[in-house]
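Here are my notes for your first look at this model. Please keep the structure open while you read.

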Amino acid sequence: MRGTVSARVKTGLGAIAVIAGCVWGPPSGDCALTVILARHAEPVSSADPDPPLSAAGKRRAQSLAATLRATGVAAIYTTEFRRAEQTAQPLADSLHVAVQRVGAERTTDLVEAILKRQSGVVVAIGHSDTVPRVVAALGGPAIDIAPGEFDALFVVSIAGSDVSVVRLRYGAGAPPVAASTSSKRSQVMKINFVRSGGFAAMPGLTVQGVIDLDESAGKVTSESRKYQRDLPAREVEQLRLAADPARMARAKAALAALSSKLSDAYQYDISVVTSDGKSQKLTFNAGGGDDVDKAAPGLGGLVRWIDDEAQKIKEHR
Amino acid sequence: MLTAPHRLPGFCILPPHILVHIATNSPTKELRDLAVHALELDHSLRASRTTFALQGGLRAAHPAAAAAPPQEKRTIYDAQHSQNLPGRLVRSEGQPPVADNAVNQAYDGLGDTFVFYLSAYQRNSIDNAGLPLVASVHFGQRYDNAFWNGQQMVFGDGDGVIFNGFTGCIDVIGHELTHGVTGSEANLTYQGQSGALNESISDVFGSCVKQFKLKQTAAQADWLIGAGLLASGIQGVALRSMKAPGTAYNDPQLGQDPQPADMQHFVHTSQDNGGVHINSGIPNHAFFLAATSIGGHSWEKAGRIWYDTVCDQNLKPSASFSAFAKLTARHAALLYGAGGMEQKAVMDAWRQVGVK
């Protein structure tokens, strides 16, 4: 879902660090750091690896400047690509703040540069893959930016022991072209899943299944157990949303980090085949869907579904 | 609580939980290392569970451990059949038993394991720095599993058809807690041979906790993992047998215990993190052979050798069976003399399971 999403990260840790007179504890105005991140605006469509902004993109860059002009921006970072620089330029011009370039591949350097500032408001314009990486490195949750989505603005606030991320929209909404592309987008047709391992790890506890989906109907089959169940239209729709291949692709690193902390948790092998013949695979360990949602928001539903179905499959004689 | 200033470029302003997040989740190694280093500077964090969440990446000595007398700090939560952790607090250290038996079993099992590590190896909790022990019971709906999530133990109730509740077995609790110990020491990667070693170490000390509690010698012990866990209709005695891997159960519904007892029968699979719960049978059996050959209480000599190996900085996260075996032989020699009965028993045990 797009719109405003707010996520908070909090731990029960009581430690407070004192740095150069700056106390990290309860939020304090002087020490709050706000990082505003956005993907570049719409580029022209061309084979050029470094395309400039389109007319719509230039309008969006103007509206970024209008939106952020009064927020007290102290520094502006972009990548080396023209579309990112051109997105930041109107804001930089209106504030008389120089644009600082940090290579798209140098996310680490960017995060370090941002964190050195300790307080104030910083803007960073990147790309659909670098913005989520920076948000995660700042301590925020996993976020995603869809291919045709240029209007997302992320406000990361770091204060006290809290990191909060608010997702906003700015400028014109996604153009109709993007909307029609998404409705024609290839659909999930098949989901294979295997849940194995766990503390007991008995062969009979490993559950395997295949979900076949067509327009509005579907069925789940577990051949080894001679199990089959027809899926109602609503469940088909839910599974399609839960098993979004793009989200799965983005979740890989976060789920690998989750897996590395766990022992005796189940291993999940999930592969999704779409109507364009492509497939997306994911292997990870998890202690249930809530665990997965914390690491990769939105994917927990699929894990909860597999856990529930595994119980039905196991009980089937 | 105030701590010394951090001075590391880039991380000096960050609250510790963000450093932990960066240390565990960052896409690049440099960033992770920087965050870990910044955390290391913060001595107050050494004893915190958050530092421990770095999967044992910090092997620093714990000055705090010597300062206060070791004392267990147990907290049991009820997940109330959700998957939301930790859940509702139901029993804290020192509080009397509650009506819910699973809560009391978890509380007692954590206590037994804490006492075992302290008495047998002078280890003060999971991190040897008095880490509070946290467990959640009633996780999920009829959840057939128990696991360690890097910070706490989690117990399902079992479905009542295959399993009884997971809190009923002291060796299961010892097993889960030992994952924490391994995580804060060797931090063996949970995949393939190093993963099977990680699993085996949990079975070894899980079994030792039970033997310690029952005051059994190696000859008297049943060497089973999860005895009593299988519901009455299931054809089997336990989940695993260290004495005779592959014989714990043979049930029409659950299949046959797939554990090998030697390298000739090593199982190659992509499931279960590369068969970590299957091939653990090999090092499990080696420990059984060494402990019974040495005789007496397993935890005293064989256990000590294994414990020192797990805590040896030369044990790499990616260690193979062979690397682990060599280190056990070295520690047997360090503890009881080169060429002594103990070292011979250890080397002979590994030879018998085909680990060279």
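1. Start in chain A. A:V188 has A:T274 in β14(A) as its bridge partner. The two strands involved, β10 (residues 188–197) and β14 (residues 266–274) of chain A, run antiparallel and are joined by nine bridges. Strands count as paired if DSSP finds at least two bridges between them. Helices (H or I, at least four residues) and strands (E, at least two) are DSSP runs, numbered from the N terminus.

2. A word on the source. This is a predicted model: local features need pLDDT of at least 70, side-chain atom pairs count only at pLDDT 80 or more, and totals for chains, interfaces and linings use all residues. Residues are numbered from 1 along each chain as its sequence is written, while chains are lettered from A and ligands numbered from 1 in the order in which they are written.

3. β14(A) also pairs with β15 (residues 279–286) of chain A, antiparallel, over eight bridges. There A:Y268 has A:F284 as its bridge partner. Four residues lie between the strands of this hairpin, and A:G277 takes a positive phi near 85°.

4. Now helix α3 (residues 107–116) of chain A. Its buried residues are A:T107, A:T108, A:L110, A:V111, A:I114 and A:L115. They sit on the same side of α3(A), because they cover an arc of only 160° around the axis. Buried means 20 or more other C-beta atoms within 10 Å of the residue's own, with C-beta atoms placed from the backbone. The arc is taken from the directions from the helix axis to the C-beta atoms. After α3(A) comes A:Q118, with a positive phi near 70°.

5. Turn to chain B. Five strands make an open sheet with mixed pairing, in the order β3-β2-β4-β6-β5. Its edge strands, β3 (88–92) and β5 (146–148) of chain B, each pair on one side only. β5(B) pairs antiparallel with β6 (residues 153–156) of chain B over three bridges. B:F147 stands opposite B:V154 in β6(B).

6. Last, a helix pair in chain B. The axes of α11 (residues 321–336) and α12 (residues 341–352) of chain B come within 8 Å and cross at roughly 170°. That makes α11(B) roughly antiparallel to α12(B). The label applies to angles over 145 degrees. Axes are lines fitted to C-alpha atoms, for helices over the stretch in contact, and angles run from 0 to 180 degrees between N-to-C directions.

Terms used: A residue is buried if 20 or more other C-beta atoms lie within 10 Å of its own, exposed if 12 or fewer, and partly exposed in between; C-beta atoms are placed from the backbone. Angles under 35 degrees count as roughly parallel, over 145 as roughly antiparallel, 65 to 115 as roughly perpendicular and the rest as oblique.
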